[in-house]
Protein chains: 2
Amino acid sequence: MIFVAVLGYGVVGSGVVEVIKKNRLSISQRAGEEIYVKKILDIRDFDDCPDKELLTKNSDDVFNDDSISVVVETIGGKGIAYEFTKTALSKGKHVITSNKELVATHGPELLRMAADNNVHYHFEASVGGGIPIIRPLNNCLAANEINGITGILNGTTNYILTQMNRYGKDFNTALKEAQANGYAEADPTADIEGHDACRKIAILSSIAYNEYIDYRKISTEGITKLTLADMHYAEISGSVIKLIGRSERVDGKIYATVSPAFINKSHPLANVEDVFNAIVVRGDAIGDAMFYGRGAGKLPTASAVVADVIDVVKHKDNNGKNIWTINTDENIMDADLMETRFYIRLEVKNRDEAEELVKTMFGQVDWIPSEIKVAKEELVFISEKEAEGVLRKKVKELAHNSCIKEVAGFIRVLED
Amino acid sequence: MIFVAVLGYGVVGSGVVEVIKKNRLSISQRAGEEIYVKKILDIRDFDDCPDKELLTKNSDDVFNDDSISVVVETIGGKGIAYEFTKTALSKGKHVITSNKELVATHGPELLRMAADNNVHYHFEASVGGGIPIIRPLNNCLAANEINGITGILNGTTNYILTQMNRYGKDFNTALKEAQANGYAEADPTADIEGHDACRKIAILSSIAYNEYIDYRKISTEGITKLTLADMHYAEISGSVIKLIGRSERVDGKIYATVSPAFINKSHPLANVEDVFNAIVVRGDAIGDAMFYGRGAGKLPTASAVVADVIDVVKHKDNNGKNIWTINTDENIMDADLMETRFYIRLEVKNRDEAEELVKTMFGQVDWIPSEIKVAKEELVFISEKEAEGVLRKKVKELAHNSCIKEVAGFIRVLED
């Protein structure tokens with residue numbers, strides 16, 4: 001019999017309690033032991049909680065109870081969740097979390113603590129909600145050298161982009177609707193500025209490349225500047241715009257970015273719509289494999305947490321010693337050094353002059369026809385592959401030229 | 001140090017040897033021990049094999065060598081592979097295989113033997129090539145009751161259908177090209193008649209529902225009767241035609257089929273093209289999750305085999321006791337009892353009469369406009385949801401009516 005404590009009875013925490021109860025029989029079969037939630041720690045009152053008798057506000061009821069061997073941390077954030085995780089690990093309790101912020105920030109320390117205390121620290125639910133991605137990276141693709149990860153990692157922004165693309169809503173309208181439907185929070189900053197996706201690609205990359213990737217070093221750009229005009233030109237060029245978290249390993253160096261990107265419609269990520277997430281992993285043996293599903297939500301996320309609990313129960317004597325080494329060198333390259341093609345949209349004062357200027361500065365480019373927008377005098381093209389820093393410099397120069405009014409769009413183009 | 005023997009040095013077997021050598025460092029790190037191939041058993045001669053010194057034609061070199069703890073069976077078929085697998089398990093060696101035919105036929109016996117001898121019998125590579133699907137079903141989705149699996153499980157047929165759909169080639173031309181490109185075998189029966197997909201959906205369903213699903217009881221239909229006209233009507237109705245392996249669990253009973261099916265273009269499987277495979281798993285907590293990648297090929301399949309080897313090394317003292325119970329009741333329902341919509345294409349002698357007849361017999365149907373094919377006098381529609389047996393009976397009746405020349409198309413429509 002395994003006793004679990006759930007810390008934080010919010011959306012995910014209550015989902016975990018529900019799933020463990022609902023599927024107790026099959027979960028016990030798979031784990032080889034019966035699993036019960038013994039305590040739920042939360043400072044709030046829950047009058048109509050069906051498991052009222054399990055609730056406590058006193059953390060001693062969890063940490064001083066030696067019969068509780070597994071702690072599920074679904075509090076979130078880096079404050080009390082961090083303290084509780086350290087306490088649990090130091091007391092020899094396995095910890096399962098959905099807390100991407102904590103893992104992305106303190107992952108190396110917490111994994112080390114877990115190894116030192118011979119317990120597990122698992123966080124499948126921290127990326128991709130219910131989608132199995134962390135365990136596949138660790139186990140199923142273990143025969144591969146992983147050289148790239150590309151993902152739609154944030155459901156809120158993907159919902160907004162789908163609404164813009166499908167119904168021609170502008171960003172602000174789509175955001176407001178996402179908030180009204182519960183897909184975006186009152187303060188949507190972490191989603192729409194790409195911070196959430198950034199933490200997730202940092203976690204996935206740390207696992208894939210087996211060294212800690214600090215999310216603070218990842219070049220991150222959100223979707224707030226995207227316009228329907230950009231969506232329109234993406235469509236014309238056979239692409240869609242998605243918020244993409246991406247990392248690649250080239251000659252031992254890692255390039256990582258979060259930004260909107262043009263994706264060709266034939267790319268498997270192009271068809272990932274609404275709040276769904278998907279992650280493409282590139283391995284040297286398997287080629288590209290994609291994992292797709294609901295990136296958030298009560299039960300999908302709980303499904304991932306409970307899978308971790310079952311895994312811990314099955315392998316409780318063998319913690320796997322999963323450690324993220326911290327590379328003291330600059331292991332993440334400056335994104336300015338990455339060679340990429342960019343979509344560039346210019347509002348011009350003098351079209352002919354601007355076109356000549358682009359040809360001189362950028363050489364061979366792929367022009368995207370802008371006829372139907374002539375009123376605005378736009379000039380739109382996709383550049384040749386070049387280091388991002390060089391392109392950015394050229395674009396800045398363009399902007400200072402009298403024939404050009406404004407650089408209205410500048411978006412990465414995903415190669416493959 | 002772990003010593004592995006590889007039985008059968010064909011495409012997959014040689015890939016396994018290659019991957020273990022190539023990624024030895026990272027594989028050892030992940031497994032916690034160094035892994036070496038000690039013997040390769042094959043009756044054939046391989047003059048330019050880079051690992052010539054490991055080759056043997058004598059199975060005693062494998063089975064009587066106690067230092068070999070893991071046997072990789074990549075022979076295929078149900079003959080010698082079956083005997084070797086039993087010998088290896090009975091001698092306390094873990095067995096890893098890519099042999100779907102053997103697993104689908106003798107899975108319950110071999111899993112039982114493995115459990116009795118306290119060793120593992122793993123077969124991730126038997127379904128979906130390199131795609132991680134069996135381990136995710138067993139572990140990552142362990143918190144879920146799985147109620148449905150829907151997949152594109154055969155790369156050869158998916159390549160043929162993609163060629164027909166994209167370039168308007170007819171079935172025979174596309175098949176010949178697939179053979180010329182090495183995507184289809186000289187005798188393509190197992191692929192194009194759906195037998196390969198049938199074994200795969202049987203294996204996936206056995207894992208998902210935790211009881212043996214006998215592939216011989218699964219209603220199976222291939223793609224040989226599909227025409228470009230069917231593809232055309234699928235397109236008009238916003239769908240594509242794919243060869244789909246599907247099983248559902250409804251009230252404890254299992255429905256399983258392999259057949260071509262109309263899939264709405266918004267379905268995540270609709271965009272799976274060429275030789276790629278993808279599997280959608282429906283769980284009660286996670287909702288739908290999809291796993292996508294290369295369903296065949298030397299290195300992708302080897303990637304899955306070697307992941308199993310690593311898993312065995314990591315958990316060699318804990319075999320998981322994975323057993324498929326054999327349900328003596330009829331656990332697989334007759335497909336005739338499944339309620340489904342069908343696409344029906346009629347060649348008619350008298351259009352008006354035929355239309356009236358369809359209305360009388362089928363009630364409300366969705367007509368698909370057939371204007372551009374008037375020369376052939378076709379009448380095309382999608383039926384209401386009804387038990388398949390009832391629909392088949394009605395269609396038979398239709399065919400006997402004088403106003404109808406022939407029932408030229410009859411294809412399942414995937415609900416969601």
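Predicted model: local features only at pLDDT ≥ 70, side-chain atom pairs only at ≥ 80, totals over all residues.
## Basis

Local features need pLDDT of at least 70 and side-chain atom pairs count only at pLDDT 80 or more, while totals for chains, interfaces and linings use all residues. Residues are numbered from 1 along each chain as its sequence is written, chains are lettered from A and ligands numbered from 1 in the order in which they are written, and side-chain values use heavy atoms, with hydrogens and water left out.

## Domains

Chain A is assigned domain 1 (2–130 + 299–315), domain 2 (134–293) and domain 3 (336–414); such bounds come from an automatic or database domain assignment. The centres of domain 1 and domain 2 of chain A, taken over C-alpha atoms, lie 27 Å apart.

## Extent of the interface

In chain A, 16 residues of domain 1 are in contact with 14 residues of domain 2, contact meaning heavy atoms within 4.5 Å. About 1300 Å² is buried between these two domains, and carbon and sulfur atoms give 63% of that area. Buried area is the accessible area (1.4 Å probe) that two parts lose on being put together, summed over both.

## Salt bridges

The rule finds 3 salt bridges across the interface of domain 1 and domain 2 of chain A. A salt bridge is a side-chain nitrogen of Lys or Arg within 4 Å of a carboxyl oxygen of Asp or Glu. A:Lys100 forms a salt bridge with A:Asp196, with 3.2 Å between the closest N and O atoms.
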